[in-house]
Amino acid sequence: MLYVHLAWRNIWRNKRRTMISIASVLFAVVFALLTRSMQLGSYDYMIRNVVRLSTGYMQLHAEGFWEKRSIDLAFLDQARLREQITGVPHVTDLIPRLQTFALAASATGTRGAMINGIDPAAEEAMNGLAEKVIEGSYLASGDSTALVGEALAATLGLELGDTLIVYGQGYHGLTAAGMFPITGIVRYPNREMSSTLVYLSLSTAQELFAMPGMVNSLSVMLDHPRHQQEALEGVRAAVGDRYEVMAWQEMMPEVVQGIEVDNAGGIIMIAILYVIIGFGIFGTVMMMTLERRREFGVLIAVGMKRSRLAVMATTESLMLSLLGVLSGTAIAAPVLVALYYNPIRLTGEAAQVMLEFGFEPLLPFSMDPTIFISQTLAVLIIALVSTSYPVLVLRRLDPVTAMRA
Amino acid sequence: MMLQIAWRNVLRNRKRSAIIMAAIMFGLWGGLVASGVSFGFSYDTVSSAIETRLSHIQIHAPTYRDNRSIRDTLRGARKAEAHALRVPGVAAVTARLVVEGMAASAETSTGISILGVDAAAETTVTTLHEELVEGSFDFGGRRNRIVVGRDLATRLGVRLGSKIVLTTQDMQGTIVGASYRISGLFRTDSKTFDETTVLVDRGGLARLVGAGESLHELAVLVEDPRSLDSVATGIRAGLPGASVETWKEIAPELNWINAYTEVYLEIFLGIIVLALLFGITNTMLMSVLDRIREFGVLSAIGMRGRRVFVMILLESLLLSLAGAVLGMAAGWGTVAYLQSVGIDLSAFADGMRQWGYSEVSHPVLPGWMYVEVLLAMMVAALLGAMYPAWKAIRLDPARAIQTY
């Protein structure tokens, strides 16, 4: 306690210097907290969106489907299989799909299209597909009609109520051809999706491709992303090795790597910032030491242990840094809480890019405690490195020469 | 003389000066190298997209972009090509027939864009032939040869020499198909492009779809990318009935990468300079407080406050600029070295390619970046010294002399 008391008094011997040092740490901490919270928040948001809009947390396929995407690699969507999967803890939903590429045609044109046989209710619960219907109505289970992407409909010159012709390859090379009245137009900001997507109800698609009761994939949704690994192992064990069970990270490594690269960039930037701030703290601690050589000399001469002085110098340096961390956190935390509950809505080009990917243009913040812990750790490391200077000086200090200084 | 005094003052406390100079050096070095890597990355991404896929300018029928229908052919395409070639600054032009269709192997099928090209002309505009990983780009006048992306081949489960079937619609709307043998596989920075683009001989494709001499697309390479806009204007002037777009209009997201990188890096360097400002202020404040007595004496013997003020600002400027110049030189050297060796990001390659980013980055920093950083450091040096300098001249000489 004595050390703390002495150190406290020592750092306030030169108020301005201490204030500026604390302010520099505070600046770095506030900046680091805001940027890290924003980065981690956006990764989280991106993952949740990607998972929701595409594969789910994991998917069940026939062995080899993900690489080949062949319609032949399909399996029977049986009640028993579903029970095995939903019996795994944390699994909330199963979304079946039968997808393949085929030609979509009207009287005036033909385009390549991704035909999606879906369970309308399950799909709606997963990704809110019904909200994207801008004209007409959403599908109901068993409907023999089609939902068409806005751009695809425009290219083919089709409108609500017109007939869409689908022509392609069915199960084991059978020719698949069918005509479906369009009962809904779907809007996707992403042009690629808007100009290729066709939705049919699952049973209609199964009939079209001559694959009764079969699907290419079962997407699995979970109650919380943190249970993914556990659920993945559970599902693998439950269904056996006749199926390939892939986590979204395996199916979309590009998302994982994109995040890794961006994250590394953010960390490098903050590291540079902390090194600069570190030099500042080192300078302050060095000045505090040099100014007091005489004082240290006297104390050692009258019998004070060098180690106790070193402890005191270390306490000073830690105190200086921690004051910066605490005040920085105190300033940043309320801002982060506010931003966490009210994420920033983006506008302009950035918003456009996010819409292209199918996300709401939000800039969410994370309140992950590790963000706070890592800033504190970074500043503590700075403090400890800075303290090496007084410790070295104290070890070598010759009281006689020091007192003459 | 003032300068000399200021410099000597900087050298009086070498440890203190060395610390802040080291902070400035490291900060600018790190900031510039990180910026160089980012810049190189975005430049390489954009230039490889232009070279392999986009070209500088594309000319289409006005309705082409929205519909991408086979019927949206460019009217008077040959005349347009001749006109474009006459516009000063145009290096080369290639004509393409572009149709959308489906590629099928025995295993599976997927949607693609079929580019009917004239191999010889194509190589003068794009560098796709340099991105071949197997086979050759030359169709040898054979109608049934096709060059596809390696990613598409993987997806279809086919290899060099395999046959694939293309299905599309002809000019009358009838479904037509033909079988092709893969004669070349390319691999660009964009996985999407590689999965969805195939190239065949234009004459053969024209016969298949009944297009005759019709064309959909003219791709133009300009001699100097800086004159892009004026060349585009020149082409536009002679082609009132066509849509003439530069790569910035065709792929706004790529242009956005560059603009975003610039803004991001300016903020980044601004933050670094701001962090250094704290260090400079603290150093100068210490230096001033150490010399209270000296300032008291100076002012007692009649030195004007203004001169003391200027002297302290000069000290700060010298200290900061010495650090800045060293840091910038180190940054320049590192960027130049990394530029010559290139940074291989292939550990992240798949992710990068999915987003269309370049795999190997050649760090580069535009000259204005150094100028901006130097100016920002000068401003920071002056701002950082304001408070300490003001402190120095506010002293009462009589009391200051008695200090220490």
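The model is predicted; local features need pLDDT of at least 70, side-chain atom pairs count only at pLDDT 80 or more, and totals for chains, interfaces and linings use all residues. Residues are numbered from 1 along each chain as its sequence is written, while chains are lettered from A and ligands numbered from 1 in the order in which they are written.

Chain A splits into domain 1 (2-51 + 255-404) and domain 2 (58-248). These bounds come from an automatic or database domain assignment. Over C-alpha atoms, the centres of the two domains of chain A lie 50 Å apart. The C-alpha atoms of the chain fill a box of roughly 100 × 45 × 30 Å along the principal axes.

Chain A holds 16 helices and 14 strands. Helices (H or I, at least four residues) and strands (E, at least two) are DSSP runs, numbered from the N terminus. Of the 405 residues in chain A, 45% are buried. A buried residue has 20 or more other C-beta atoms within 10 Å of its own, with C-beta atoms placed from the backbone. Among contacts in chain A with a separation of 6 or more, 80% join residues 24 or more positions apart. A contact requires C-beta atoms, placed from the backbone, within 7 Å.

Strand β9 (residues 197-201) of chain A is largely enclosed by the rest of the structure, because five of its five residues are buried. In a regular strand, side chains alternate between the two faces of the sheet. In β9(A), Leu197(A), Tyr199(A) and Ser201(A) are buried on one side, and Val198(A) and Leu200(A) on the other. Strand β4 (residues 110-118) of chain A runs parallel to β9(A), joined by five bridges. Pairing requires at least two DSSP bridges between two strands. Met114(A) has Leu197(A) as its bridge partner in β9(A). Strand β6 (residues 146-149) of chain A pairs with β9(A) in the antiparallel sense over three bridges. Here Leu147(A) has Tyr199(A) as its bridge partner.

In chain B, helix α8 (residues 202-209) has Arg202(B), Gly204(B), Leu205(B), Leu208(B) and Val209(B) buried. These residues lie on the same side of α8(B), because they cover an arc of only 160° around the axis. The arc is that of the directions from the helix axis to the C-beta atoms. The cover over the buried residues of α8(B) includes β2 (90-104) and β8 (197-201) of chain B. Gly210(B) follows α8(B) and has a positive phi, near 65°.

Technical notes:
A residue is buried if 20 or more other C-beta atoms lie within 10 Å of its own, exposed if 12 or fewer, and partly exposed in between; C-beta atoms are placed from the backbone. Two residues are in contact if their C-beta atoms, placed from the backbone, lie within 7 Å.
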